[in-house]
Amino acid sequence: MSAVDSSDFYEKVYEVVAQIPHGKVTSYGAIARFLGVESGARTVGYALNNYKSYDLDFDIPAHRVLNRLGQLTGRAYFEGDTMRERLQQEGLTFKEKYTVDMDKHFWDPFALVNK
């Protein structure tokens, strides 16, 4: 992906993340695949890291994006244990302290196509 189209890609990431249903999570890789960038998981992470630098008319539930194993790898970007607490408030269950049960709670962005 070139630097020229990264902002457009970032905006697409935000649009997908905004659609993740309450009580569900998805992965960086699932978002990248949905957007047609098979090996773009890391770029999805960069987009989420840069979210605050965009002037958007909506908030995104970035706490619902995890790594492929269900681990809260983005929790360093949330104050304290906020990411885990938000997921627990939404009713998600954990296999380990910072690992969501992806079998129960995974949301596939391709569900957007079938709406």
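Here is a short walk through this structure, from its overall build to a few of its helices.

The model is predicted, so local features need pLDDT of at least 70 and side-chain atom pairs count only at pLDDT 80 or more, while totals for chains, interfaces and linings use all residues. Residues are numbered from 1 along each chain as its sequence is written, and side-chain values use heavy atoms, with hydrogens and water left out.

Let us start with the whole chain. Its secondary structure comes to five helices and four strands, where helices (H or I, at least four residues) and strands (E, at least two) are DSSP runs numbered from the N terminus. Read from the N terminus on, the elements follow the order α-β-α-α-β-α-β-β-α. The C-alpha trace spans about 40 × 30 × 25 Å along its principal axes. A compact globule of 115 residues would have a radius of gyration near 13 Å, and the chain agrees with its 13 Å; this radius is taken over C-alpha atoms, and the globule rule is 2.2 Å times the number of residues to the power 0.38. Of the 115 residues, 40% count as buried. Buried means under 20% relative accessible area, exposed means over 50%, and partly exposed lies in between (1.4 Å probe, protein chains only).

Now look at helix 1 (residues 6–17) and helix 3 (residues 41–49), whose axes come within 9 Å and cross at roughly 85 degrees. Axes here are lines fitted to C-alpha atoms, for helices over the stretch in contact, and angles run from 0 to 180 degrees between N-to-C directions. The two helices are therefore roughly perpendicular to each other, a label for angles of 65 to 115 degrees. Where they touch (contact means heavy atoms within 4.5 Å), Phe 9, Tyr 10, Val 13, Tyr 14 and Val 17 of helix 1 meet Thr 43, Val 44, Tyr 46, Ala 47 and Leu 48 of helix 3. Helix 1 is also the place of Glu 15, which is partly exposed, with a relative accessible area of 49%.

Helix 4 (residues 82–89) is our last stop, and Met 83, Arg 84 and Leu 87 are buried there. Seen down the helix axis, these buried residues fall within an arc of 95 degrees, so they line one face of helix 4; the arc is that of the directions from the axis to the C-beta atoms. Their cover includes strand 2 (65–66), strand 3 (94–96) and strand 4 (99–100). Just after helix 4, Gly 91 takes a positive phi of about 90 degrees.

How values were computed:
Parallel < 35°, antiparallel > 145°, perpendicular 65-115°, else oblique.
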